[in-house]
Amino acid sequence: MGITNVLDLLLHYPRRYADRSHPTAIADLVEGVEAMVVARVHSLVARAARGRRSVVELIAIDATGRLVIIFFNQPYRRDQLHEGDEVTVFGRVERYRGRVQMTNPIVDLVGDQT
């Protein structure tokens, strides 16, 4: 990265900045844009995909709508998240088969001190 002294380190700026300070309502999500949503886990389904891969599909809801969250190859999410949990989700919004969704987003439980 070419950092050889403290001044180089101070002048090395991040490539991008992700603002996770402003939650967005599910109804206001824009396709192709990264956003943070605070929602409640409505349902959670784990299933096997081709080969030895796993898929966990979570439906999150807030007062304005529902968001499908897909986790590929993260079977531990089935044990980490439960119906009724309040979560913050950060990721890129996509539309797949008419549904608003996020794939492999960053998820934190509300009140988890993270």
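Q: Is glutamate 86 buried, exposed or partly exposed, and what is its relative accessible area?
A: This is a predicted model, and in it glutamate 86 is partly exposed, with a relative accessible area of 32%, because partly exposed covers values between the 20% limit for buried and the 50% limit for exposed.

Q: Which side chain does glutamate 86 meet in a salt bridge?
A: The side chain of glutamate 86 meets that of arginine 40, with a distance of 3.8 Å from N to O. The pair links distant parts of the chain, since glutamate 86 lies in strand β4 (residues 86-92) and arginine 40 in strand β1, 46 residues apart.

Q: And arginine 40, buried or exposed or in between?
A: Arginine 40 counts as partly exposed, at 39% relative accessibility.

Q: How do β1 and β4 pair, then?
A: Strands β1 and β4 pair in the antiparallel sense, over seven bridges.

Q: OK, and what about β1 with β2?
A: That pairing is also in the antiparallel sense, and for β1 and β2 there are eight bridges. Arginine 47 has valine 55 in β2 as its bridge partner.

Q: How many residues sit between the strands in that hairpin, and which one takes a positive phi?
A: The hairpin of β1 and β2 has five residues between the strands, and glycine 51 takes a positive phi near 70 degrees there.

Q: Back to charges: how many salt bridges are there in the whole structure?
A: A search of the whole structure finds five salt bridges. One of them joins the side chains of arginine 99 and glutamate 57, at 3.5 Å from N to O, and this pair too links distant parts of the chain, with arginine 99 in strand β6 (residues 99-103) and glutamate 57 in strand β2 (residues 54-62), 42 residues apart.

Q: Which residues are linked with those two in a network?
A: Arg47, Glu57 and Arg99 are linked in a network of salt bridges, and Arg47 is the residue whose bridge partner in β2 is valine 55.

Q: Why does glutamate 57 count as buried?
A: Glutamate 57 has 16% relative accessibility and therefore counts as buried, because the limit for that class is under 20%.

Q: What does aspartate 79 do?
A: Its side chain meets that of arginine 78 in a salt bridge, at 4.0 Å from N to O. Aspartate 79 counts as exposed at 54% relative accessibility, whereas arginine 78 is partly exposed, with a relative accessible area of 42%.

Q: Changing topic, which residues form the nonpolar patch on the surface?
A: The patch is formed by Val6, Leu7, Leu10, Leu11 and Tyr13, with about 580 Å² of accessible area together. Tyrosine 13 is placed in the loop between α1 (6-10) and β1 (34-48), and it counts as exposed at 60% relative accessibility.

Q: What's the overall pattern along the sequence?
A: The protein has two helices and seven strands, which follow one another in the pattern α-β-β-β-α-β-β-β-β.

Q: What radius of gyration does the protein have, and what would a compact globule have?
A: The protein has 17 Å, whereas a compact globule of 114 residues would have a radius of gyration near 13 Å. Along its principal axes the C-alpha trace spans about 50 × 35 × 30 Å.

Q: And how much of the protein is buried?
A: Buried residues make up 29% of the 114 residues, while the accessible surface comes to about 8,000 Å², of which 51% belongs to carbon and sulfur atoms.

Notes: Residues are numbered from 1 along each chain as its sequence is written. This is a predicted model: local features need pLDDT of at least 70, side-chain atom pairs count only at pLDDT 80 or more; totals for chains, interfaces and linings use all residues. Side-chain values use heavy atoms; hydrogens and water are left out. Patches are made of residues with over 30% relative accessible area and no salt bridge: like charges are joined within 9 Å, nonpolar side chains (Val, Leu, Ile, Met, Phe, Trp, Tyr) within 5 Å. Accessible areas come from the Shrake-Rupley method with a 1.4 Å probe; for residues, only the protein chains shown count as cover. Helices (H or I, at least four residues) and strands (E, at least two) are DSSP runs, numbered from the N terminus. Buried means under 20% relative accessible area, exposed over 50%, partly exposed in between (1.4 Å probe, protein chains only). The radius of gyration is taken over C-alpha atoms; the globule rule is 2.2 Å times the number of residues to the power 0.38. Two strands pair if DSSP finds at least two bridges between them.
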